[in-house]
Amino acid sequence: MVKRRNSRQDAIRDIVRGKSIRTQRELVDELQSIGYKCTQATVSRDIADMGLRKLSEGIYVLAEDLHLQRMVSEFVIGVDRADNLVVIRSQPGTAPGVAAAVDAASLHEVIGSVAGNDTVLVVSGDVQSAIELVNLINKLSHTRK
């Protein structure tokens with residue numbers, strides 16, 4: 001049972017990072033679409049166990065991504081990808097803080113990052129991971145307070 005819970009919670013992390021989930025029902029539907037049989041009560045317990053938070057925009061975010069969300073929504077002005085490399089452009093002087101937030105989030109898509117004054121270069125393991133990171137940054141940048 002613990003193995004299933006951990007696997008399901010890993011799937012929840014991926015879903016919440018990859019999509020804008022607004023309700024527990026949406027999360028149940030997403031889990032069921034990838035083969036997890038669970039109820040809304042189960043998902044509710046997972047949300048509590050994982051410390052998911054709901055932003056003022058109504059979407060769920062992982063507790064460990066809150067700092068990243070704040071940094072991205074306040075300072076990031078653009079994101080581009082070239083193969084497995086992601087370039088995050090930010091306001092002048094803020095790139096080191098954005099890079100630190102990316103690193104602190106422990107994203108499986110990120111191998112490492114290097115920051116300049118207004119640009120962060122993030123290295124991903126492969127093209128798909130880079131695409132997922134760009135999608136996450138774009139999602140978080142649209143959750144402005």
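Me: What makes strand 3 and strand 4 a pair?
Reply: Two strands pair if DSSP finds at least two bridges between them. Here six bridges join strand 3 (residues 76-82) to strand 4 (residues 85-90), and the two run antiparallel. Strands are DSSP runs (E, at least two residues), and helices are runs of H or I with at least four, numbered from the N terminus. A word on the source: this is a predicted model, where local features need pLDDT of at least 70, side-chain atom pairs count only at pLDDT 80 or more, and totals for chains, interfaces and linings use all residues. Residues are numbered from 1 along each chain as its sequence is written, and side-chain values use heavy atoms, with hydrogens and water left out.

Me: Why are helix 4 and helix 5 called roughly antiparallel?
Reply: Angles run from 0 to 180 degrees between N-to-C directions, with axes fitted to C-alpha atoms over the stretch in contact. Angles under 35 degrees count as roughly parallel, over 145 as roughly antiparallel, 65 to 115 as roughly perpendicular and the rest as oblique. Helix 4 (residues 66-75) and helix 5 (residues 95-104) pack at about 150°, with their axes 8 Å apart, and are therefore roughly antiparallel to each other.

Me: Which residues line the largest cavity, and what kinds are they?
Reply: The lining consists of Val16, Arg17, Tyr60, Val61, Leu62, Asp65, Leu136, Lys139 and Leu140. Lining residues have an atom within 4 Å of a cavity point, on a 1 Å grid over the protein atoms alone, where a 1.4 Å probe fits but cannot get out. They divide into six nonpolar, no polar and three charged. Helix 6 gives the largest share, three residues.

Key
On a 1 Å grid over the protein atoms alone, a cavity is a set of points where a 1.4 Å probe fits but cannot get out, and a pocket is an open set with protein on both sides within 12 Å along at least five of seven lines; lining residues have an atom within 4 Å of a point. Ala, Val, Leu, Ile, Met, Phe, Trp, Tyr, Cys and Pro count as nonpolar, Asp, Glu, Lys and Arg as charged, and the others, Gly among them, as polar.
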